[in-house]
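This briefing is for a reader who is new to the structure below. Please look over the sequence and the model before reading on.

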Amino acid sequence: MDIKLAETFFKHKAELLCKLAADPNYRDPLIFLVASATLDYLCRLVNNRKCGRKDYIQFVIDWMPAKYKQFKFRSGEQDLPKQMYFVLRSGLVHSFSFVPDQDSVDGGARTRPIVITHRAEGLQHLSNTFDLAVDAAVLVAEDFTEDIRTTIQLIFNKAHDDSALEQNIVEWTTKHPPIQGGFVV
């Protein structure tokens, strides 16, 4: 896949993801599965390799809006990128569950560090005011998908000036083409 096609494809998918998250008739947590799988793929895309824990956490720090790396739990922990790896990537994408497995717990995953919702519930994105009994980052579907769209824009803006990043994108999408059903260029 060449860089122009990849950019068009991912911007289109980001648009669809945002529309689905904003649809008032669709309030299913599966939007977070698709969003989380997209993040995992984007990590592989910029690195041109399968991403483990370190790569994924660094991807969130480097490419997602700064509010993710700056988020502070009530406990004082400032490790949302790490918890995203355990909950969204390892848990949701790889295990279809928000409950961390023992390997994740041994690696630093906490119980319920992320709570998901939609704007209709009235909670603020990346707040930790969901429940005083639970120290969690609130992810609001509409805002989370907008942040992924912003990340996609950032990646492709940088690829225009960074030949190594452009090459990573082209090589990864050629070796591991993303899901393309229903996409017309």
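Is Y56 buried or exposed, judged by its relative accessibility? The model is a predicted one. Y56 has a relative accessibility of 0%, so this residue counts as buried.

**Y56 and its surroundings**
- Y56 belongs to helix α3.
- Neighbours within four places in sequence aside, Y56 contacts L39, D40, C43, C51, P81, M84, Y85, L88 and R89.
- Q102 lies 46 residues from Y56 in sequence, and the C-alpha atoms of the two are 19 Å apart in space.

**The largest nonpolar core**
- This core has 50 residues, and M84 and F144 are the ones that touch the most other members.
- At least two core residues come from each of α1 (3-22), α2, α3 (53-63), α5 (80-95), β2 (137-140), α7 and α8 (163-175).
- Helix α2 gives the largest share, 10 residues.
- Residues up to four places away in sequence not counted, M84 touches Y56 and F144, along with L39, V60, Y68, R89 and I114.

**Helices α2 and α7**
- Two packed helices are described by the angle between their axes and by the distance between those axes.
- For α2 (residues 30-47) and α7 (residues 141-159), the angle is about 20° and the axes are 11 Å apart.
- The two helices, α2 and α7, are therefore roughly parallel to each other, and their crossing is left-handed.
- On the α2 side, the contact involves I31, F32, A35, T38, L39, L42, L45 and V46; on the α7 side, it involves A141, F144, T145, I148, I152, I155 and F156.
- Among the residues of this contact, 13 are nonpolar, two are polar and none is charged.

How values were computed: Residues numbered from 1 in each chain as written. Predicted model: local features only at pLDDT ≥ 70, side-chain atom pairs only at ≥ 80, totals over all residues. Heavy atoms only, no water. Axes fitted to C-alpha atoms, helices over the stretch in contact; angles between N-to-C directions. Helix = DSSP H or I, 4+ residues; strand = E, 2+ residues; numbered from the N terminus. Parallel < 35°, antiparallel > 145°, perpendicular 65-115°, else oblique. Left-handed = near helix turned anticlockwise from the far one by under 90°. Contact = heavy atoms within 4.5 Å. Nonpolar A, V, L, I, M, F, W, Y, C, P; charged D, E, K, R; others polar. Core = buried A, V, L, I, M, F, W, Y, C linked by side-chain atoms within 4.5 Å. Buried < 20%, exposed > 50% of the residue type's maximum accessible area, 1.4 Å probe, protein only.
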